[in-house]
Amino acid sequence: MRRIRPATRLPSARPHRMLAAGTVLLLAAGPAALAPAPTPTPTAGPTPTATTGPAGPADRGSRLYLESCASCHGPQGQGTQLGPSLIDVGAASVDFQVSTGRMPLTHKVQEARREEPAFSADDIAALVDHVSSFGGGPQIPRVAPGNLGSGRELFAANCAPCHGATGAGAVLTNGWIAPPLDRATPVQVAEAIRVGPGLMPVFPSQVLTDAQVNDLTTYVGRLRSERLDRGGNPLGRLGPSAEGLVAWLVTVVFLVGAVRWLGRRAGQ
């Protein structure tokens with residue numbers, strides 16, 4: 001009887017298919033698949049950024065002073081060869097000089113004249129606060145309505161000899177002037193009384209009380225509101241002699257013109 005051998009079991013093709021598929025995927029992934037996995041690091045939060053808000057009054061005043069004043073008065077207000085010290089001058093002096101446009105100067109002059117202010121009201125307040133930190137001095141006066149009659153008497157005794165009876169100003173000695181008061185505000189008048197800018201004397205509270213300063217500012221305000229030139233063109237308020245000379249010149253020119261016109265008529 002023939003002996004039948006058991007059938008030999010062929011190896012399964014499934015493992016070979018799996019191996020081939022894995023090789024294809026590995027090659028498709030490329031070097032990224034072969035690279036080692038990155039070591040996890042703690043996640044960094046957002047980097048805080050410094051928030052810069054608007055500059056406060058102190059910062060603004062300091063910046064304005066360094067930009068416009070320190071070159072003459074020194075970074076700490078100690079003064080230089082170009083400008084006096086601002087230590088202990090007081091808020092009233094700084095406010096008067098800056099609000100009337102006398103400071104900062106664009107060039108060296110003997111006497112600063114009134115101009116348009118170089119700063120806004122807020123910038124002036126910040127600058128005044130910064131310079132006030134250098135020391136004491138007169139503060140900005142608080143002006144209130146005063147007595148008109150008392151102010152007229154005080155003005156005639158203390159102000160009219162330099163500024164004129166109408167506050168029109170006058171020429172003083174050595175090229176100095178007493179400026180006209182037609183543009184001065186009540187606060188600026190009171191500040192000038194207390195600090196004495198230029199050749200003007202200082203009138204402390206021992207000489208003129210706050211009530212008297214109010215009387216003066218009230219009267220100066222009345223002068224500003226009055227029409228000082230009702231008679232016509234003021235001609236720069238050069239005085240009666242100059243005005244008379246101009247009147248004579250105009251009259252002579254008119255007479256010469258009239259004579260020539262009459263002569264031409266007669267010749268015809």
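**Close-up views of a predicted chain**

The chain contains 11 helices and two strands, where helices (H or I, at least four residues) and strands (E, at least two) are DSSP runs numbered from the N terminus. This is a predicted model, in which local features need pLDDT of at least 70, side-chain atom pairs count only at pLDDT 80 or more, and totals for chains, interfaces and linings use all residues. Residues are numbered from 1 along each chain as its sequence is written, and side-chain values use heavy atoms, with hydrogens and water left out.

**View 1. The order of elements and the contacts of the whole chain.** Along the sequence, the pattern is α-α-α-α-α-α-α-α-β-β-α-α-α. Of the 268 residues in the chain, 25% are buried. Buried means under 20% relative accessible area, exposed means over 50%, and partly exposed is in between (1.4 Å probe, protein chains only). Among the contacts with a separation of 6 or more, 58% are between residues 24 or more positions apart; contact means heavy atoms within 4.5 Å.

**View 2. Helix α5 and what covers it.** Helix α5 is mostly covered, as nine of its nine residues are buried. These are A91, A92, S93, V94, D95, F96, Q97, V98 and S99. The cover over the buried residues of α5 includes α6 and α9 (186–195). Just after α5, G101 has a positive phi of about 75°.

**View 3. The packing of α5 on α6.** Helix α5 (residues 91–99) and helix α6 (residues 121–132) meet at an angle of about 145°, and their axes are 9 Å apart. The axes are lines fitted to C-alpha atoms, for helices over the stretch in contact, and angles run from 0 to 180 degrees between N-to-C directions. From α5, the contact uses A91, V94, D95, V98 and S99; from α6, it uses I124, L127, V128, V131 and S132. Sorted by class, the contact of α5 with α6 has seven nonpolar, two polar and one charged residues. Here Ala, Val, Leu, Ile, Met, Phe, Trp, Tyr, Cys and Pro count as nonpolar, Asp, Glu, Lys and Arg as charged, and the others, Gly among them, as polar.

**View 4. Residue A91 in α5.** A91 belongs to helix α5 and counts as buried, at 4% relative accessibility. A91 and S132 are 41 residues apart in sequence, yet their C-alpha atoms are 5.5 Å apart in space. Leaving out residues up to four places away in sequence, A91 touches V128, S132, P138, Q139 and I140.

View 5. Which residues of helix α7 (residues 148–158) are buried? They are G151, L154 and F155. These residues lie on the same side of α7 because they cover an arc of only 100° around the axis, the arc being that of the directions from the helix axis to the C-beta atoms. An α-helix has 3.6 residues a turn, so residues three or four places apart point the same way. The buried residues of α7 pack against α8 (160–163) and α10 (210–225). On the other side of α7, E153 and A157 are exposed. At the start of α7, a side-chain oxygen of N147 comes to within 3.1 Å of the backbone nitrogen of G149.

View 6. R194 is part of helix α9 and counts as buried, at 13% relative accessibility. The side chain of R194 reaches the backbone oxygen of F203 at 2.7 Å. The side chains of R194 and D210 are joined by a polar contact of 2.7 Å. A polar contact is a pair of N or O atoms within 3.5 Å; within protein, one must be able to donate a hydrogen and the other to accept it, and residues adjacent in sequence count only if both atoms are side-chain atoms. Leaving out residues up to four places away in sequence, the residues that R194 touches include P138, P141, V202 and V213.

View 7. M103 and P104 are joined by a cis peptide bond, with omega about 0°. P104 sits in the loop between α5 and α6. D88 lies in the loop between α4 (70–73) and α5. Phi of D88 is near 70°, a positive value in a residue other than glycine, and D88 is partly exposed, with a relative accessible area of 48%. N174, in the loop between β1 (170–171) and β2 (177–178), is also a residue other than glycine with a positive phi, near 55°. N174 counts as exposed, at 67% relative accessibility.
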